[in-house]
Amino acid sequence: MVVYEGDPRKGKVLSVDLSYAERIRRFLEVSQKAGITHLREGEPDAAANAEWLQSLLKASE
Amino acid sequence: MIEHQQTASFRKWGSTLLLLAVQPFHVFCASDSTDSDKLLLAEQGRSIYRIVTAQNPSPSTRFAAEELQRFLKEISGAELSIVTDAVPPSNQDIMVGDSRHLRRVLPEFEVKAYGEEGYLLRVIDDYLIIAGGQPRGDLYGVYGFLQDHLGCRWFTPQISKIPGIDRLEIPRFDERDSPAFEYREVMLFDCWDTHWIARNRLSTSSRYTDPALGGTVRFVPGYFVHTFEKFLPPEKYFDEHPEYYSEVQGVRLRSPSQLCATNAAVAQIITERVCALFREHPGASVISISQNDGNKHFCQCENCAALDKKEGSHAAQVLFLVNRVAGAVEKEFPDRAIETLAYEWSQAAPRTMRPRDNVIVRLSTIRCSFSRPIRAERGRNRAFRDDLEAWSKVSRRLWIWNYNTYFSWYLIPFPDWRVLDDNLRFFKKNGVTGVLEQNNWHSVGSDLAPLKGYLLARLLWDPDFDRDRVINEFLQEVYGPAAPHVQAYLDLLSDKVEQETIDLGIYGSRTPKWLSGDVLEKADAIWQNAEAAVSRSTRNSRPRAGRAAQHRLCHH
């Protein structure tokens with residue numbers, strides 16, 4: 001899991017489990033392959049979500 | 001042209017066509033079919049049958065003949081010629097649509113008896129008749145024949161099952177079919193393909209209008225839903241005429257707002273615009289005059305409030321406006337319809353008012369529990385059920401706007417599988433004439449979306465069709481060796497919401513509580529097994545797409 005300093009998704013990322021990082025990598029790979037562009041009703045947001053997940057991956061390194 | 005993945009053997013057309021060129025057809029087949037209870041349409045890539053249409057068929061009837069020709073060739077290897085009734089009749093014809101030859105065999109045939117989409121499939125002597133109403137009956141008859149008698153399936157825009165049949169014979173039958181609903185729309189990105197929609201016999205509102213596909217229930221472009229502000233843009237009217245807009249607690253609201261529905265000038269402006277749009281779009285049959293989305297600022301002026309109070313519903317003010325416009329445009333446009341919403345604050349039916357005959361009321365299920373049958377006596381759906389029954393009593397054309405995904409996060413599972421057919425049967429029983437099923441219309445990626453789109457297409461045509469048979473066929477053909485695992489995934493989530501009587505809504509947290517850790521772990525294990533089952537198959541990417549949902553969930 002992800003450990004944040006402060007509020008989840010708002011605070012600084014302190015650590016990311018290796019198994020969780022692997023899940024993130026896989027999710028990004030699969031969603032990119034599938035061509036998912038929207039995750040919820042309204043504005044395109046899959047790219048923003050991917051960016052956030054990439055930041056978690058970076059923090060896990 | 002879309003690609004088809006045939007699950008049966010592929011044929012080598014070159015050698016077949018060479019055989020066709022030299023084979024004396026009349027020798028083949030005649031003795032074989034006339035003496036039998038069955039019609040032998042083709043064998044070993046050859047056929048003596050022709051496809052016959054009228055001399056000047058409609059675009060959709062012409063396309064129906066071409067589709068039949070195409071798929072019969074894919075199935076049997078035989079390419080049947082398409083001729084018109086200008087040529088003399090033969091003893092072995094497949095008649096598509098009304099024609100002089102058809103009238104010779106079946107004098108009592110009447111196109112109008114089949115409405116816009118109904119059809120007749122009948123074998124008389126050695127003739128196969130596929131004929132129905134206009135504009136879509138002939139085309140849907142062809143697809144009905146291919147689907148119900150020859151086993152063709154169009155699962156997704158990319159994946160079809162077209163069986164290979166070396167000896168293609170059909171029994172004698174005489175059957176009529178027509179859809180359960182006049183309007184059948186699946187609003188789903190994965191399924192927005194013109195040919196997939198036509199082959200699964202769905203309506204498409206304003207998206208596709210190709211006459212070869214029979215047209216559709218077509219809205220005036222841009223006037224599909226939530227149109228109050230389109231008719232009276234506040235930037236154009238508000239400064240000079242604030243009285244056109246909702247009065248809320250004594251103040252006229254510019255935006256977000258609604259209209260002052262009892263204001264005669266508002267009705268006049270909308271009427272003029274509707275007439276202009278209908279003239280501009282002669283192919284459109286429906287226009288929506290419906291409340292803006294995202295706010296509950298119905299008008300509380302003296303007149304609107306009095307009307308709502310008398311009728312016991314805020315739908316009264318909307319219906320007052322819509323009826324007023326519908327009455328004004330009816331004379332010039334007797335075959336067009338005005339659609340409106342019964343949605344959120346306007347969901348309940350008025351006590352005494354009735355929609356005019358040229359008005360379609362579209363009732364939204366937005367506050368329902370989508371994991372429980374709407375017909376249930378108790379629980380969250382009771383209010384909707386009462387509203388549906390009330391609208392049903394006063395509406396000539398009643399449509400439903402239904403939902404089947406989680407709009408707050410499309411990848412979240414939405415296990416409504418076990419109530420989809422039940423709800424459609426309930427709608428039908430209560431006089432509903434049209435249904436829109438809204439799913440993820442922005443992108444691929446909602447929970448097993450192609451399966452849901454296909455299932456809904458089949459059930460919208462016939463809500464009594466065996467739901468589990470449709471799902472099973474889809475899983476077997478699309479997922480192959482992973483099918484039992486995907487079924488286990490469906491069961492896992494369906495059991496969870498059913499056994500724990502969980503109400504499934506369409507909005508909420510990205511991490512709904514009902515998706516507990518143990519369920520996610522089980523789901524993940526199922527998808528691992530699914531991937532393993534197809535690891536050496538060419539189909540191995542499909543379980544991965546489904547699994548995206550699981551990975552999103554497991555992030556939290």
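Chain B is divided into domain 1 (13-177) and domain 2 (365-556), with bounds that come from an automatic or database domain assignment. The contact between them takes five residues from domain 1 of chain B and six residues from domain 2 of chain B; two residues are in contact if their C-beta atoms, placed from the backbone, lie within 7 Å. On the domain 1 side, the touching residues of chain B are two nonpolar, one polar and two charged. Here Ala, Val, Leu, Ile, Met, Phe, Trp, Tyr, Cys and Pro count as nonpolar, Asp, Glu, Lys and Arg as charged, and the others, Gly among them, as polar.

This is a predicted model, in which local features need pLDDT of at least 70, side-chain atom pairs count only at pLDDT 80 or more, and totals for chains, interfaces and linings use all residues. Residues are numbered from 1 along each chain as its sequence is written, and chains are lettered from A and ligands numbered from 1 in the order in which they are written.

Helices (H or I, at least four residues) and strands (E, at least two) are DSSP runs, numbered from the N terminus, and two strands pair if DSSP finds at least two bridges between them.

| Open sheet (chain B) | Strand order | Pairing |
|---|---|---|
| Six strands | S3-S2-S4-S6-S5-S10 | mixed |
| Six strands | S11-S18-S17-S16-S15-S14 | parallel |

In the mixed sheet of chain B, strand S3 (81-84) and strand S10 (174-177) are at the edges with a single partner strand each, so one side of each lacks a neighbour in the sheet. The twist averages 20 degrees from one strand to the next; axes are lines fitted to C-alpha atoms, for helices over the stretch in contact, and angles run from 0 to 180 degrees between N-to-C directions. Strand S5 (residues 119-124) of chain B runs antiparallel to S10(B), joined by four bridges, and Leu120(B) stands opposite Arg176(B) in S10(B). Helix H5 (residues 137-148) of chain B lies across S4, S5, strand S6 (127-132) and S10, at about 130 degrees to S6(B).

In the parallel sheet of chain B, strand S11 (183-187) and strand S14 (286-288) stand at the edges. Five bridges join strand S15 (residues 337-342) to strand S16 (residues 359-364) of chain B, and Ala342(B) has Leu363(B) in S16(B) as its bridge partner. Helix H11 (residues 315-329) of chain B lies across S15 and S16, at about 175 degrees to S15(B).
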